Structures are given as C-alpha cells and as structure tokens.
Amino acid sequence: MMSTSPAHGVLPGTPGKIIAVHLSYESRAAQRGRRPAAPSYFFKPSSSLGASGDTVERPKGTELLAFEGEIALVIGSPTRGVSTDAAWSHVAWVTASNDWGLYDLRANDKGSNVRNKGRDGYTPVGPQLIDARSVDPAALRVRTWLNGELVQEAETTDLIFPLTQIIADLSQHLTLQAGDIILTGTPAGASVAGPGDAVEVEVDAPRVSGGASSGRLTSRVIDGPGDFDPALGSLPAVDDLQREEAWGSREAAGLPSAEAPALCAALRDKLRETPVAGLSQQLRKRGLDNVSIDGVRPTRPGTKLVGVAKTLRFVPNREDLFRSNGGGYNAQKRVFDAVQEDEVIVIEARGERGSGTLGDVLALRALARGAAGVVTDGGVRDYETVAGTGLAVFSQGPHPAVLGRKHVPWDTDLTIACGGATVQPGDIVVGDDDGVVVIPPAIAEEVADAALAQEREDAWIAEQVAAGHPVDGLFPMNAKWRARYEAANQDKS
C-alpha cells in the first residue's frame, strides 16, 4: 500500500525526533576511507523538515551545500528494546529524504551536525509514503538525480548495518515514538549543489510487483541570506578536508593529490629498466634478504611491473564470516574500486592457490583505474582472459574456483604477508620474469642507481667473456680488470 498524499502533510503530527545515521553504506565508507564497526547517530530538529517542491537555501558567502539521498523510516508504534527480528514491525512507512548539510558550518560541530544539517528546510521528505508492510527492508533502493543526471544508486544490500539493526540498536538506548523519523545514511555519490540546481531523490522496491515508490522528492537550491553575527558563534569556514568530504573526493572537488607521489616518473623509469635480479642483489648488499614475493609468476611472460603497494588481506574461509563479509561491497571490491594510478594491489592469500583471488571483471576495473598491476600469492580465475587485458598480474597460477572456497576478503591498507615477504602500503613493488621484490621507498632511488650501475658493469664483463676471456679474475673483477673497465668507461665518456 502507498499513500498518494505529500509525505510532509500526512506524517502523524510533528515528529518528536529525527535521528540520522552518520555512515552506513559500504560504498560511502570506501569513499571516506573509514568503515565504522558500529552505527553512530546524530539528531536533526523537526523544524528542519521540508516537502517535495520546497526550496533549499545556500546562505550568501558559503560554498559547500551538500545533498545526501537517503531512505527515511517513519516509526509507527512505541519501540523500546526490540530485537532485529521484531524491529520492522514497528515501522509504519518508508519514504525518500534528502539530508542536506552546509559543510561550511561543519567543522565546529564535532559530529553533532546541529548547525550544518539542522537549518530550516534541510530535511525534506516525501512526496509519498510506502507502507512498510508491503516491502522487504533488505530489498529497498535509493536513487538521486542532480539536474536530471543519476548520481547516486544503491540497494539496502549495500548497507553495513541493516535497517532492522539500526532500529533495534536505537531502541536499546531510547524509546522511538510513533512519528519519529530515522534517516538511514547515504551511499557514495553524494555531492555539492548550488543555486539553480535541482536535486531529486526516490526510494523504491524494484523487485516488488506493482513498483512501490516514494515518487521523486524534488528540491531546488536558491541563494539565502548570510548575515551571520560573529559575536554569537562560529562563522562559516571551509578547508580542503571539508571540500573533499562535501564533494565526495579530492578529485571531484578539484583538489590536488593529498600527498606527493611515492614513485616519481624518473624513478619509475629507472626501475622499469632494471632487472629484478639486479635489484635483489643490491637489496641483499644492504642486509635485506627477505624481500622476494616467492612463488609468483606473470600471466604474460615478458611483463614488467613497477608500482606502489596497496594491500588487501584474505583470511581463511569460515562460512559465517563469509556470509557477513564475503558478499556485497566487500574489501576486495573496495580495493579494486579505489586503486590509483601507479599502485599495485598486493594480496595476501597465505600461498593458498586453491581458489581465484581475482578474475576478469576486477582486472578490467584495475586497468580502468590506471593501476600498475596486481600481485597475489593465490590463484587467478579467468586466467587467459586476465592475461589478455594487458594488466600486469603475478600469481601462483590459474584456478577456476571463486573466493568462498578458500578465502574471506577481510581488510585493506595494512601490513600484510605475501609470498613470504612483508609488504606495507607505500612500498615499491617491482616484478619481471625472475619474480617480484619489495623495496622500502626510502632506499628505492639508491637501490635503482646501484643496480643500473651493476647492470652496465655486468654487460661489459659479458662482452669480455664472449670475446674469449676466462672468468677467473674477471667475474668478479680483480684490480687489473677493474682498471680496464674504468678506462673503457673513460674512453666512452
């Protein structure tokens, strides 16, 4: 069943409270670079309620008015201390909402969001109410359009915390009263709107016969007064962190990379020219014997890999953990969606080759993101197809099985073990037909220069051997041969 009246007009009176979830979708957590272990919340005042068709003001002198399309739940009966199994029976309606926020006022609220999200009209809901009894809370969808372009789309299968968990968690701390509204968080794609922009949000149940839908909740941004009195409190202020979070990423905000690249073009070119065997030799001279990722080979002979490590860890498969962490937007998918140019995804699979750790789709995603390659001490599915993509992939070899046979994707961007070597995010990874080595970034330039110098010396020695000279005294060079080598270099210069 679905109401056909404007949602703001048919709510059961003014809600006593509006509670919003800070971060609840996997896609948004990946975008923010942090995944909460438990849900956290903030309150919005009932005076912030608005309806479809209302305008939303961006105060004069501010720049970061951000929209967040969300699913709103309207409580139907007093709810206190309920289980997750019983939680949904306390929801009367489902509808669309837009959790507007003015990031210029965000920094000094310390997570409470009172000023930046509590402004009049910053919580429009509607335009119609979906009867909660007619839908499955695990099969809802939210979509957002900015000036007619779809910018957000996610289903509740992408939630870190199911809707029923959010209700049950809140109910163990406070009583939810009839008419209270819960805003359940926003997926990736939330961004900034300015005067003249129109934002639409719709919640529906795409797999329900009859197409239950909230209809499109429409808001148009206009200029508003900006007469903030500095004698009363904080004035609007922005920095690059607020710009990044309001827009969704540094790139979307037009900001430069947060850090200088760990691998400059000159160093990358040196490492491409240097054989892994030569690098290994120089690392050993510096006391680093345990820097080889053992047992991995390229999918395509002749492949050269140079990049900065971005790490992913799999743990041994355990069925209950795979059910909670293996599906949806899991750690594996998040890494392949987040990898940057010149980064190498290094996967800890414990040397277990009895399952694939990536396949053709993820290889294509890494390629599209500009990744330098992938190193895994596990197997690869769709082996020939992956090889054909042109992405540099080093692995234990092919295997047809999916992750769940042996692995659970667990966490990312941490120190891991791959092929017997410790790998940290930011390490330099170099691979060729001889194998893969890990180079601490602080000595990468020094090691590359020394290895190239050694390569030139070895090439000269090879010429002498080819000309008929015995290796005794020549390899390695004694003082006599060293003098000849230096004289030959002097002549060339």
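Where is Asn113 found, in terms of the strand and the helix on either side of it? Asn113 is found in the loop between strand 8 (101–102) and helix 4, where helices (H or I, at least four residues) and strands (E, at least two) are DSSP runs numbered from the N terminus.

## Basis of the model

This is a predicted model, in which local features need pLDDT of at least 70 and side-chain atom pairs count only at pLDDT 80 or more, while totals for chains, interfaces and linings use all residues. Residues are numbered from 1 along each chain as its sequence is written, and side-chain values use heavy atoms, with hydrogens and water left out.

## Backbone exceptions

Most residues other than glycine have a negative phi, and most peptide bonds are trans. Asn113 has a positive phi of about 65° although it is not a glycine, and at 6% relative accessibility Asn113 counts as buried (buried means under 20% relative accessible area, exposed over 50%, and partly exposed in between, with a 1.4 Å probe and protein chains only). Asp382, in the loop between strand 20 (373–376) and helix 12 (383–388), is likewise not a glycine and has a positive phi of about 50°, but Asp382 is partly exposed, with a relative accessible area of 32%.

The peptide bond from Gly126 to Pro127 is cis, with omega near 5°, and Pro127 lies in strand 9.

Seven strands form an open sheet of mixed pairing, in the order 2-1-12-6-7-9-3, where two strands pair if DSSP finds at least two bridges between them. At the edges are strand 2 (41–44) and strand 3 (49–51), each of which pairs on one side only. From one strand to the next the twist averages 35°, with axes taken as lines fitted to C-alpha atoms (for helices over the stretch in contact) and angles running from 0 to 180 degrees between N-to-C directions.

Strand 1 (residues 18–21) and strand 12 (residues 181–183) run parallel and are joined by three bridges, with Ile181 in strand 12 as the bridge partner of Ile18. Strand 9 (residues 123–131) has eight of its nine residues buried, so it is largely enclosed by the rest of the structure. Strand 3 pairs with strand 9 in the parallel sense over three bridges, and Thr123 in strand 9 is the bridge partner of Leu49. Strand 7 (residues 91–98) runs antiparallel to strand 9, to which four bridges join it, and Trp93 stands opposite Asp131 in strand 9.

## The second largest pocket

About 390 Å³ of space lies in the second largest pocket. On a 1 Å grid over the protein atoms alone, a pocket is an open set of points where a 1.4 Å probe fits, with protein on both sides within 12 Å along at least five of seven lines, and lining residues have an atom within 4 Å of a point; grid points are joined across faces, edges and corners, and a volume is the space filled by probe spheres set on the points. Of the 27 residues that line this pocket, the closest to its centre are His22, Arg32, Arg34, Arg106 and Asn113.

Helix 2 (26–32), helix 4 (114–117) and helix 6 (240–247) are the elements that give two or more residues to the lining, and helix 6 gives the most, with three residues.

## Helix 11

The buried residues of helix 11 (residues 360–368) are Leu362, Ala363 and Ala366. Seen down the axis of helix 11, these residues fall within an arc of 105°, so they line one face of the helix, the arc being that of the directions from the helix axis to the C-beta atoms. The face turned away from this buried side carries the exposed residues Val361 and Ala368.
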